[in-house]
Amino acid sequence: MVANAAKLSNRDRAIVALAGVAPDIDGIGLAVEFATRGNADPVLWYSNYHHVLAHNVTFASLCYLLAFGLAQRRCVTGALAFLAVHVHLLGDLLGSGALDGYPWPIPYLAPFSDAWQMVWSGQWALSSWQNKLITVLLMTVALYLAWRRAFSPLSLIWPRGDRVFVKTLRARFGVPAS
């Protein structure tokens, strides 16, 4: 959704979209932790580093700089990439709690300071109805935008499939008025 906030090329929209999911790169330790969970000394990379290494303003700033350096519309794409990281952080703050009720804090000023941990006691679980509802609403908006603008997120990875997808939407719901 953030990548659709401005008229951007496919490349720039892809940069913003990737920035929006990039904070979860710090979750890569899940595979190692899963593989070593039965060991006497398991490797706790996921437990110790997810929501730490890339869930902070430092990482958001790095995403801005990378987007700025790679984009065609540098300032807009960089700003939207920075915003996309923050939308990710907000989503995690609201709805990525553990099933046991542990509200996963986000060390916003890391790695420079642990002084400010963003946490919300009302954080709902990742599998909650709230997250499901938000997903349905955002998918509906994505379908509407695809119908209206004649391109979807699919255009970033499969342009031909995107054309078929939009054609199918327009065949079902009509062509939007200009």
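Tutor: Let us start with His51, which lies in the loop between helix 3 and helix 4; helices (H or I, at least four residues) and strands (E, at least two) are DSSP runs, numbered from the N terminus. This is a predicted model, in which local features need pLDDT of at least 70 and side-chain atom pairs count only at pLDDT 80 or more, while totals for chains, interfaces and linings use all residues. Residues are numbered from 1 along each chain as its sequence is written, and side-chain values use heavy atoms, with hydrogens and water left out.

Student: Is His51 buried or exposed?

Tutor: Buried means under 20% relative accessible area, exposed over 50%, and partly exposed in between (1.4 Å probe, protein chains only). His51 counts as buried because its relative accessibility is 2%.

Student: What should I look for in the backbone angles?

Tutor: Most residues other than glycine have a negative phi, and most peptide bonds are trans. His51 has a positive phi, near 75°, and Ala150, which is not a glycine, also has a positive phi, of about 70°. Ala150 sits in the loop between helix 6 and helix 7 and is partly exposed, with a relative accessible area of 37%. As for peptide bonds, a cis bond with omega of about 5° joins Ala110 and Pro111, and Pro111 is placed in the loop between strand 1 (106-107) and strand 2.

Student: At what angle do helix 6 and helix 7 pack?

Tutor: Axes are lines fitted to C-alpha atoms, for helices over the stretch in contact, and angles run from 0 to 180 degrees between N-to-C directions. Helix 6 (residues 129-149) and helix 7 (residues 159-173) pack at about 90°, with their axes 9 Å apart. The two helices are therefore roughly perpendicular to each other, given that angles under 35 degrees count as roughly parallel, over 145 as roughly antiparallel, 65 to 115 as roughly perpendicular and the rest as oblique.

Student: Which residues make that contact?

Tutor: Contact means heavy atoms within 4.5 Å. Helix 6 contributes Leu143, Ala146, Trp147, Arg148 and Arg149, while helix 7 contributes Phe165, Val166, Leu169, Arg170 and Phe173.

Student: How confident is the predictor in this chain?

Tutor: The predictor's confidence in each residue is given by pLDDT, from 0 to 100. The mean pLDDT of the protein chain is 94, and 100% of its residues reach 70 or more.
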